[in-house]
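The following report describes a single protein chain for a reader who works with computed coordinates.

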Amino acid sequence: MMASNASSAAASARAAFGEHLGTIPSPALRLCGHSKPVVEAEWMDGGDQIVSVSWDCSMKVWDSETGALISASLIERANENVFHSVHPCHEEGSPLVCTGSGDGMVRVWDLREALTPAISFSAHESMCGTVRFHGNDKIISGGDDRLVKRWDMRVPKQPLTSIRCTAGVNRFSISPITATLAIPSDDRKMKLCDVSGASWGNLRSHKDGGHSSMITCAQWSQDESVIFTGSIDRSHHVLAWVVDEKEREKKKRKR
């Protein structure tokens with residue numbers, strides 16, 4: 001379903017991102033305030049604010065123009081209970097942000113009252129490493145327990161969908177058009193499926209191409225023609241995997 005051909009991947013990447021693929025000589029702005037590593041930062045809807053989470057157990061909201069700190073929230077400093085992921089709801093005007101943490105909890109925060117979470121529920125038996133809003137009331141979470149789960153945050157007693165993977169789940173991506181999940185895992189594989197768990201195929205690193213260590217993150221291009229992946233291997237490369245559209249359409253017709 002996928003090809004890792006370097007020339008076709010580069011061409012697709014440039015088509016998706018134009019000439020923005022290059023070296024950025026220096027940051028336009030520095031956001032200073034976390035005391036430990038920042039594990040994720042995301043643009044809020046509208047682009048005028050950025051939300052970040054850190055291993056210092058804090059979530060901070062920043063003004064993207066000035067870099068000024070707008071608000072900060074903390075979770076209990078206990079054991080491995082630190083933030084690992086954050087994602088804002090991109091429905092227009094929504095003040096909601098969801099987080100995943102080391103205690104397996106998913107928390108939903110209303111940034112108008114950000115001192116305590118508005119909703120909290122236990123999502124995973126171990127670390128919840130990734131959370132993403134899907135629409136304005138659904139959340140998809142992934143954990144070290146090898147599961148990706150889809151929740152209705154209004155009644156999060158049981159997941160709507162539970163997708164089993166072959167190893168611990170890392171930072172996945174939801175494609176912007178067809179809502180296809182690209183789920184990277186600790187065993188150098190990436191599972192492709194829809195939000196109900198129906199599989200489209202798998203991407204596997206191998207000796208002739210791919211990552212030599214766990215795939216830590218994935219990101220779809222806006223036109224869904226490319227999936228970009230990162231790893232903790234020593235190559236220091238971001239890889240671009242080209243989606244075989246004919247193969248994906250063939251799989252759709254079989255359903």
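## Salt bridges

A salt bridge is a side-chain nitrogen of Lys or Arg within 4 Å of a carboxyl oxygen of Asp or Glu. By this rule the count comes to eight salt bridges, and Glu-40, Glu-42, Arg-132 and Arg-171 are linked in a network of them. Because Arg-132 lies in strand β10 (residues 128-134) and Glu-42 in strand β2 (residues 38-43), the pair ties together parts that are 90 residues apart in sequence; strands (E, at least two residues) and helices (H or I, at least four) are DSSP runs, numbered from the N terminus.

Buried means under 20% relative accessible area, exposed over 50%, and partly exposed in between, with a 1.4 Å probe and protein chains only. Arg-132 counts as buried at 9% relative accessibility. In the salt bridge of Asp-110 and Arg-112, at 2.7 Å from N to O, Asp-110 is buried with a relative accessible area of 15%, whereas Arg-112 counts as exposed at 66%. Lys-138 forms a salt bridge with Asp-137, the closest N and O atoms being 3.0 Å apart; Lys-138 counts as buried at 17%, and Asp-137 is buried at 16%.

## Basis of the model

This is a predicted model, in which local features need pLDDT of at least 70 and side-chain atom pairs count only at pLDDT 80 or more, while totals for chains, interfaces and linings use all residues. Residues are numbered from 1 along each chain as its sequence is written, and side-chain values use heavy atoms, with hydrogens and water left out.

## The chain as a whole

The secondary structure of the chain comes to two helices and 20 strands, and 48% of its 255 residues count as buried. Contact means heavy atoms within 4.5 Å; among contacts between residues at least 6 apart in sequence, 41% join residues at least 24 apart.

## An open sheet and its hairpin

Four strands form an open sheet in the order β14-β15-β16-β17, with antiparallel pairing, where two strands pair if DSSP finds at least two bridges between them. The edges are held by β14 (173-174) and β17, each with a single partner strand, so one side of each is left without a neighbour in the sheet.

Five bridges join β16 (residues 189-194) to β17 (residues 199-204). Along this pair, Lys-189 stands opposite Arg-204 and Leu-192 opposite Gly-201. The hairpin has four residues between the strands, and Gly-197 takes a positive phi near 100° there.

## Aromatic pairs

Rings of Phe, Tyr and Trp (its six-membered ring) pair if their centres lie within 6.5 Å; planes under 30 degrees apart count as stacked, over 60 as edge-to-face and the rest as tilted. The structure holds two aromatic pairs. In one of them, the rings of Phe-121 and Trp-151 have centres 4.9 Å apart and planes at 50°, so the pair is tilted. Phe-121 counts as buried at 5% relative accessibility, as does Trp-151 at 2%.

## Two histidines

His-84 is placed in strand β6 (residues 83-88) and counts as buried at 14% relative accessibility. Beyond four places away in sequence, the residues that His-84 touches include Glu-40, Trp-55, Cys-128 and Arg-171.

His-90 lies in the loop between β6 and β7 (96-101) and counts as partly exposed at 40%. Not counting residues up to four places away in sequence, His-90 touches Trp-43, Met-44 and Asp-45. The C-alpha atoms of His-90 and His-134, 44 residues apart along the chain, are separated by 9.0 Å.
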